[in-house]
Amino acid sequence: MRVLILGGDGYLGWPTAMYLSARGHEVAVVDNMARRGYDNELGAESLVPIASLQERVAIWEAVTGYKIAAHIGDICDYTFFEPVVQDVQPEAIIHYGEQRAAPYSMIDRRHAVYTQTNNVAGTLNVLYAIADHVPACHLIKLGTMGEYGTPNIDIEEGYITITHKGRTDTLPYPKMPGSWYHASKVHDSVNIHFACRIWGLRATDLNQGVVYGVDTEEIRLDERLRTRFDYDGVFGTVLNRFLVQAVAEVPLTVYGEGGQTRGFLDIRDTLACVELAMLNPAGPGEFRVFNQFTEQFSVLELARAVEETGRELGLDVQINHLPNPRVEKEAHYYNAVNTSLLSLGLKPHYLNDTLLESVIHVVQRYRHLIKPHLIMPQVNWRETGNPLVKKETAAD
Ligand code: NAD
Ligand code: USQ
């Protein structure tokens, strides 16, 4: 298939581009390098060194003979984005191209506005480009499990059937996002659903859990094809952070009680899920929602798993409970349905000691690059202006 990947320079976008290219699809990617810009702004960087997008594409072609077309520009700039869609004529668009860190969106007003403008306006441009130029194209949009929050009932896949005062309807599942970032995904979902209803577009919203790991079949072909691995207090996700903390022998940063439970998946399963969605498209006018995770863990369960694996490797791993910088439930019911992707044929990779060990080995290899000052959380949800970056001025 002809597929356009938005956010193709990112943690998930680049491995997806190689995965689909290796399977015979015609792949083009779009990225405006915003993610590399956030690193410059925060003084952070991927622990695993990464090549530029242009270098990666050239190495991929030299190693495999397959071409990936790279378009450098901003989805929010329609004068750039519209001609790309007209030129590529994609049959599927995989949309990863958003600001994806909850703490980044909570730094201050400017970062909240940036996150919602970038994500919501970018997705609107994608919807208009599809409607105007490739109306049969299937949009595969990365949403997040965090759209639902942590309700005291089971989380269904996008919709719930409710009987109210004797009448019954199937409606979008209620949303309770936990950051301005997670809220941007809720707004996207509403907009995509509306576009499917009015224009008959076909879309799949993949409400993904937290992804871990850096190892894919294609990355193993040449280490210059590696993807990023973030561990800092803004972009690092919980398991990647705990693994770096274990190797650096910094006590693991469990926020509050640690009973926060989330869905998780291996990066290899992200690639498989996206391909399954692409090969089994939504119908015209259909807004389909899949919950994309393979296992549920509490933060404390993850910390204990990392502690055990680290100790087996002779590391001095301690667990620390920090005052929670976020506003979230620290002990709650959590049971989310995830059967749609399994019924399409997903064969999950489960988190076990072997996997933790293999990721710890990657971290150990780059331990000399760990910057301990990036580890502690620096963004507090209760503050409207976190002093992490330059204070806002009239010019901003
Ligand atoms: P990432 O930040 O590594 O990649 C996103 C890419 O999109 C970056 O390369 C960035 O430069 C690009 N981008 C952002 N705004 C853009 C714009 N306006 N125009 C063009 N390019 C733009 O993030 P990731 O971890 O690869 O996540 C990809 C997607 O998956 C995101 O939408 C995220 O919300 C979602 N997701 C990620 C996770 C996870 O654990 N990483 C979990 C659930 C959902
Ligand atoms: N947490 C800790 N200690 C840490 C870091 C995080 O206890 O050092 C806790 C957080 O408080 C939270 C949980 O771990 O309860 C998950 O935090 P996270 O930073 O790993 O994940 P989150 O902020 O939810 O965001 C990540 C990705 C985002 C994606 C989301 C999927 O950055 O793009 O949408 O995971 S989900 O969580 O399912 O919404």
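Me: What is the distance from an oxygen atom of ligand 1 to a polar backbone atom of Gly 10?

Reply: It is 3.3 Å. That falls under a polar contact: a pair of N or O atoms within 3.5 Å; within protein, one must be able to donate a hydrogen and the other to accept it, and residues adjacent in sequence count only if both atoms are side-chain atoms.

Me: What kind of model is this?

Reply: It is a predicted model: local features need pLDDT of at least 70, side-chain atom pairs count only at pLDDT 80 or more, and totals for chains, interfaces and linings use all residues. Side-chain values use heavy atoms, leaving out hydrogens and water; residues are numbered from 1 along each chain as its sequence is written, while chains are lettered from A and ligands numbered from 1 in the order in which they are written.

Me: Back to ligand 1. Which atom of it does the backbone of Ile 75 lie 3.0 Å from?

Reply: A nitrogen atom of ligand 1. Leu 12 also takes part: one of its backbone N or O atoms is 2.8 Å from an oxygen atom of the ligand. The protein covers 98% of the 810 Å² of accessible area that ligand 1 has on its own. Such areas come from the Shrake-Rupley method with a 1.4 Å probe; for residues, only the protein chains shown count as cover.

Me: How many residues surround ligand 1?

Reply: 27, with Asp 31, Asp 74, Asn 118, Tyr 181 and Lys 185 the closest. To count, a residue needs a heavy atom within 4 Å. By class, 10 are nonpolar, 9 polar and 8 charged. Here Ala, Val, Leu, Ile, Met, Phe, Trp, Tyr, Cys and Pro count as nonpolar, Asp, Glu, Lys and Arg as charged, and the others, Gly among them, as polar.

Me: Which elements each supply at least two residues of that shell?

Reply: Helix H2 (34-42), strand E5 (138-144), helix H7 (180-199) and strand E9 do. Helices (H or I, at least four residues) and strands (E, at least two) are DSSP runs, numbered from the N terminus.

Me: Now ligand 2. Which residues come nearest?

Reply: Thr 144, Tyr 181, Val 238, Thr 253 and Glu 328, out of 22 around it. A polar backbone atom of Val 238 is 2.7 Å from an oxygen atom of ligand 2. H7, H8 and E10 are the elements that give two or more residues to its shell. E10 gives the most, 3 residues.

Me: Why is H8 described as largely enclosed?

Reply: Helix H8 (residues 238-248) has 9 of its 11 residues buried, so the rest of the structure largely encloses it. Buried means under 20% relative accessible area, exposed over 50%, partly exposed in between (1.4 Å probe, protein chains only). Among the buried ones are Arg 241, Phe 242 and Gln 245.

Me: What covers them?

Reply: The cover includes strand E9 (210-212), strand E10 (252-255), helix H10 (299-312) and helix H12 (353-365). Just after H8, Glu 249 has a positive phi of about 55 degrees.

Me: Change of topic. Where is Gln 260?

Reply: In the loop between E10 and strand E11 (261-266). Gln 260 counts as buried, at 2% relative accessibility. Its side chain makes a 2.8 Å polar contact with the side chain of Glu 328. The Gln 260 side chain also reaches the backbone nitrogen of Gly 258, at 3.1 Å.

Me: And Glu 286, buried or partly exposed?

Reply: Partly exposed, at 35% relative accessibility. Glu 286 sits in the loop between helix H9 (267-279) and strand E12 (287-292). Glu 286 and Gly 200 are 86 residues apart in sequence but 7.3 Å apart in space, C-alpha to C-alpha.

Me: Last one. How many residues are in the largest nonpolar core?

Reply: 85, with Ile 5, Trp 14 and Ile 94 having the most contacts inside it. H9 brings the largest share, 8 residues. Another core lies apart from it, with 33 residues, among them Phe 81 and Met 145. A nonpolar core is a set of buried Ala, Val, Leu, Ile, Met, Phe, Trp, Tyr and Cys residues joined through side-chain atoms within 4.5 Å.

Key: Contact = heavy atoms within 4.5 Å.
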